Each structure stands twice: as structure tokens, then as C-alpha cells.
Amino acid sequence: MTLPALHASWLSSVLDSLPGPEPRSGCGACPMVGAPSEDTVFAFPADARCCTTIPAIPNVLVGAALRDPAGPAVESLRARISDPRACTPLGVEPPPGLPAAFRDPLTGYARARAPRCPHQQADLTCGIHDTRPAACATWFCRPADGLGGHRFWRAAFAFLHLLEETAARTVALRLLDPAAAEALFPVPGVRPAERPDVWGRWADDKEGYFRACADEADRLGPAALLAAAGPLGAHRAVQLRAAAASRGVSLPARITTGDVRRRSFGPSDVVFGYSPHDGLELPGPLVDAISTVCDGRPTADARAALALAGHAVDDGLLLALIERGVLVEAPAR
Ligand code: SF4
């Protein structure tokens, strides 16, 4: 996992260190193709894996990708730039006809019978890996520490996506001439006097415009961008730091069940909490006992009650259940 340089610089401005690798979500040997199996409830399509969305890409990253004219995804980006329904000075958008579920960065990934991202290469690698949008850069099927990682990456997405949008607006307003800026951001409710032209002097050089956006973003720098993001940017930074500080898995003093779902596979159940991609196969009676016993009581008492019911549960299993959000810390009574 390598974060795009822009995202890495933005994260570095608010975190003590960048997040480590995510080996459980390794694309080189995708753990999700070939499922359903003992630890997931549906398979990713083998010919697309999780890249079943057509992501929006902000202008600053479109331009960064276009800096290398021989880049593997330049042609697919050019096709999107040439579609006036899906390209504005703010970046490229999913095509208008794409169903809403595939437009949403939280739900669009890893769906069967879904569109395949135009930037995915024949070997299933990402053609814009070093400049992919935050929606892609923060999506992992199985974060290293399960629920903690999931929460961290969702917070990272919220932070980075806000900065992407802020950067896109900021550099667009710096580069567009006043008439084009007015067409892009008209006064609400006021019909423009003439047919709006959102490109202005860049109409015949959209690729040059996008490259200029990338250059502007580099000049802007993380501190100025975060200031431009205002109070919400500061709030997202606080949320991100909190999520980073709470990563990891440990046994809590008290334990209760989380948002648990289960699916039967023969004599076993797959239980999963934070994600259907990251389950755990367990005997059905053990799942029943855990659901009954883990009710907010001290963890040691829950383990003793499970042993009395004939289920020896060691730390490793408890930690695996906590990692998946099947069990969570309970408040003190
Ligand atoms: S941009 Fe890259 S990571 Fe994102 S969906 Fe497309 S191929 Fe996958």
C-alpha cells in the first residue's frame, strides 16, 4: 500500500506518523476472490476484484496523473475528460447513468455485476495508483486491526476527501478567469446572462488546466489547505487523530456483543461485525453461547461462563472476535 504523495503530505500534517501497510488486504493475492468461504459471505468478482466503481477524481489528482504522458491510465483519463457530462474544472465524475450504489465510495466497491473501473489495467492493477482518489486510497477489505483500522480509514477518508474538495475549489478559483468561475459557481437562483462556459481560456487545453491544478496544489501546501477547509477541516483532523490513537486490539475489562450478523455454512456459522468481508467461522452453539454470555459483564466472568457451558475460549479467539467487532468493550456499570 502506497498512499498518493498528496494524501501522504496531508496526513503527515496532522498525524505523528503515516499508517503502516495493510497486509491482510494485499491486492497481489486478493483474499476475496473465490469466496464465499469460511470467513466472508460473498466473493469479489474475479475480473475486477474491488474496483467495481468509477470514482470521482478531483482536478488536482487528474493533473498529477497526467504529468506522466506515458502513464498506464492516461488514455482512460483522457476519455473521461472528453466527456462533457462527466468532467468539469473540479475534476472527473462518475458517468451520469451510473446507478447511485456504484457512485458512493462507501458502497461502490467489490460488487458483483457492477461496472469495472476504466483505470484498472489488464493485470487488475490500478493505472493511477500513485494518484488515485481518497475513496480508493483509504478502502481496504480487511484492515490489519479489523474494526480499529476500519474506523481509522473511514476517518482518513473523511479528512482527505474534504481536503480534496477544498483543494479542487481553491485551485479552480485561482486558475479560471472570472467569467468561467462565475459559470462554475453561479449565485444560487440567478440565471446566468449567457450560456455558461465553465472552462473559459482553458476550453481547448483541459489537460493543461488539470496539470496546472496539480502544480497549484503543490504550491498550496497542507497548512494553507487545512486553513481553507475551516472549522470542519479542524474537526476532521481531530477525528483522524483520535482514530489513529485508538487503533489496535486489546482485551477490555468488560465485554458485550457488537453489531453482530451471522450466516450459516453447514455446521458452522460465519459471524461478522464491522464488515461482511472480515468474518470468523465458529461452531453455531459457540456463537449462541457468546451472544448470551457477553452481556456487558467483566471479560473474565464471561470467559468463565463460557467454560461452564463447555466452550473453552482463549485470548486469541476473544481478540479475533474483538478485532472483527463481534465483541466490543462494554461501559463500566
Ligand atoms: S482508480 Fe484504481 S483503485 Fe480506484 S477503482 Fe479504479 S482501478 Fe481501482
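Student: What should I know before I start?

Tutor: Residues are numbered from 1 along each chain as its sequence is written. The model is predicted, so local features need pLDDT of at least 70 and side-chain atom pairs pLDDT 80 or more, while totals for chains, interfaces and linings use all residues.

Student: How many helices and strands does the chain have?

Tutor: Both are DSSP runs numbered from the N terminus: helices are H or I with at least four residues, strands E with at least two. Here there are 12 helices and nine strands.

Student: How much of the chain is buried?

Tutor: A residue is buried if 20 or more other C-beta atoms, placed from the backbone, lie within 10 Å of its own. Of the 333 residues in this chain, 39% are buried.

Student: What about helix α6?

Tutor: In α6, 22 of the 29 residues are buried, so the rest of the structure largely encloses it. Helix α6 (residues 147–175) reaches 41 Å from first C-alpha to last, close to the expected 42 Å. The expected span is 1.5 Å times one less than the number of residues.

Student: At what angle do α2 and α8 pack?

Tutor: Axes are lines fitted to C-alpha atoms, for helices over the stretch in contact, and angles run from 0 to 180 degrees between N-to-C directions. Helix α2 (residues 59–66) and helix α8 (residues 206–228) pack at about 105 degrees, their axes 7 Å apart. That makes α2 roughly perpendicular to α8, a label for angles of 65 to 115 degrees.

Definitions and conventions
Parallel < 35°, antiparallel > 145°, perpendicular 65-115°, else oblique. Buried ≥ 20, exposed ≤ 12 C-beta atoms within 10 Å, placed from the backbone.
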